Amino acid sequence: MCLQFPGAPEKLTTAERAILEYIEGHKETFLFMTIGELAQALNVSDATISRFARHMGCADFRHLKRVVMNQTVSGAGPAGKLANTLLAREGAFLEQWFLQQQYCLKRTAELLEDRSFGEAVRSVAEAERVFIHAKNASVSMASLLEFRLRRIGMDVRRIPSGGTEMLEGLAMAKRGDLVVLFGFSKVSREGRIILKHAESGGYRTLLFTGQLHPAAGPRADKNLVVWRGEENEYHSMSAPAAVVDALVVAVSDVRGASAAQALNGVKNLKERYGKEL
């Protein structure tokens with residue numbers, strides 16, 4: 001699809017046509033280029049690029065990128081989301097990034113009801129065993145939850161991410177167990193199987209999700225809603241990590257002495273054998 005610039009003139013200069021053709025053929029690459037890198041790639045000056053942007057009806061080079069971004073078909077993909085996030089930042093990147101994460105935490109706090117969180121805490125604390133299933137980037141959150149729960153003495157198992165190995169892992173979950181799933185943007189095919197099998201398998205389910213209005217299909221017993229950013233933005237794990245840690249701390253409080261005993265056991269082993277490692 002050809003790019004459309006509402007303010008573009010009917011006739012372009014030779015240099016402007018060359019710039020436009022380059023952008024057309026390298027849309028995603030262009031979104032990550034500086035004005036100097038684009039000028040170097042085309043063997044023109046930075047000023048030529050700036051004039052081109054204004055001639056196309058854009059205020060500046062950054063505005064030109066936004067116009068291209070909005071028309072890039074693959075903008076919903078990972079590269080497009082990252083580019084859109086970078087283009088939305090003004091000023092010092094790190095400071096702006098932290099502000100964005102603060103907003104994600106604030107939105108999560110608004111969406112995650114105390115009652116829902118309390119029910120999730122009790123589901124984990126009262127489970128005989130906790131099984132965890134995650135795919136792709138969510139695996140990092142699964143690893144964090146597994147590590148934290150094991151430290152407070154809970155029996156935690158990982159269900160393989162896919163294939164028949166996933167089914168073999170799921171077969172181990174029985175009545176009294178809890179299966180925790182991570183499906184922020186959508187529930188995977190494996191996740192849908194886990195939810196569908198819950199009634200006959202006898203286990204309970206807890207889903208970490210970013211969906212305010214879940215799609216039709218099998219539902220989890222409990223949901224923890226986490227905000228990771230707008231649909232077309234880079235999706236951060238700051239808020240999910242915060243909710244995972246909050247969940248574990250709250251579970252530790254419910255389990256009380258048993259959690260403290262498990263942590264002390266780790267501490268004693270480190271004091272006894274730590275120097276040998």
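Ser188 counts as partly exposed, because its relative accessibility is 21% and buried means under 20%. This is a predicted model. Ser188 lies in the loop between strand S3 and helix H11. Five strands form an open, parallel sheet.

**Around Ser188**

- Ser188 touches His133 and Lys135, leaving aside residues up to four places away in sequence.
- His133 falls within strand S1, which covers residues 130-133.
- Gly162 is 26 residues from Ser188 in sequence. In space, their C-alpha atoms are 9.7 Å apart.

**The sheet as a whole**

- What is the order of the strands in the open sheet? The order is S2-S1-S3-S4-S5.
- The edge strands are S2 (156-158) and S5 (222-225). Each of these pairs on one side only.
- From one strand to the next, the twist averages 20 degrees.
- Strands of a sheet pair through backbone hydrogen bonds, and the pairing can be parallel or antiparallel.

**Strand by strand**

- S1 and S2 pair in the parallel sense over three bridges. Here Val130 stands opposite Val156 of S2.
- S1 also pairs with S3, over four parallel bridges. In this pairing, Val130 stands opposite Leu178 of S3.
- Six bridges link S3 and S4 in the parallel sense. Leu178 has Arg204 of S4 as its bridge partner. Gly183 has Thr209 of S4.
- S4 and S5 run parallel and are joined by four bridges. Phe208 stands opposite Leu224 of S5.

- Strand S3 covers residues 178-183, and six of its six residues are buried.
- How are the buried residues of S3 divided between its two faces? Leu178, Val180 and Phe182 lie on one side. Val179, Leu181 and Gly183 lie on the other. Both faces are covered.
- Strand S4 covers residues 204-209. Five of its six residues are buried, so S4 is largely enclosed by the rest of the structure.

**Helices H1 and H4**

- Two packed helices are described by the angle and the distance between their axes.
- Helix H1 covers residues 14-25, and helix H4 covers residues 46-55. Their axes come within 10 Å and cross at roughly 85 degrees.
- H1 and H4 are therefore roughly perpendicular to each other.
- Which residues make the contact? From H1 they are Ala15, Glu16, Ile19, Leu20 and Ile23. From H4 they are Thr48, Ile49, Phe52 and His55.

**Helix H12**

- Helix H12 covers residues 238-255 and has 18 residues.
- H12 reaches 26 Å from its first C-alpha to its last. That is close to the 26 Å expected at 1.5 Å a residue.
- The buried residues of H12 are Ala239, Pro240, Val243, Val244, Leu247, Val248, Ala250, Val251 and Ser252.
- What follows H12? Gly256 does, with a positive phi near 55 degrees.

Technical notes: Residues numbered from 1 in each chain as written. Predicted model: local features only at pLDDT ≥ 70, side-chain atom pairs only at ≥ 80, totals over all residues. Heavy atoms only, no water. Expected span 1.5 Å × (residues − 1). Buried < 20%, exposed > 50% of the residue type's maximum accessible area, 1.4 Å probe, protein only. Pairing = 2+ DSSP bridges. Axes fitted to C-alpha atoms, helices over the stretch in contact; angles between N-to-C directions. Parallel < 35°, antiparallel > 145°, perpendicular 65-115°, else oblique. Contact = heavy atoms within 4.5 Å.
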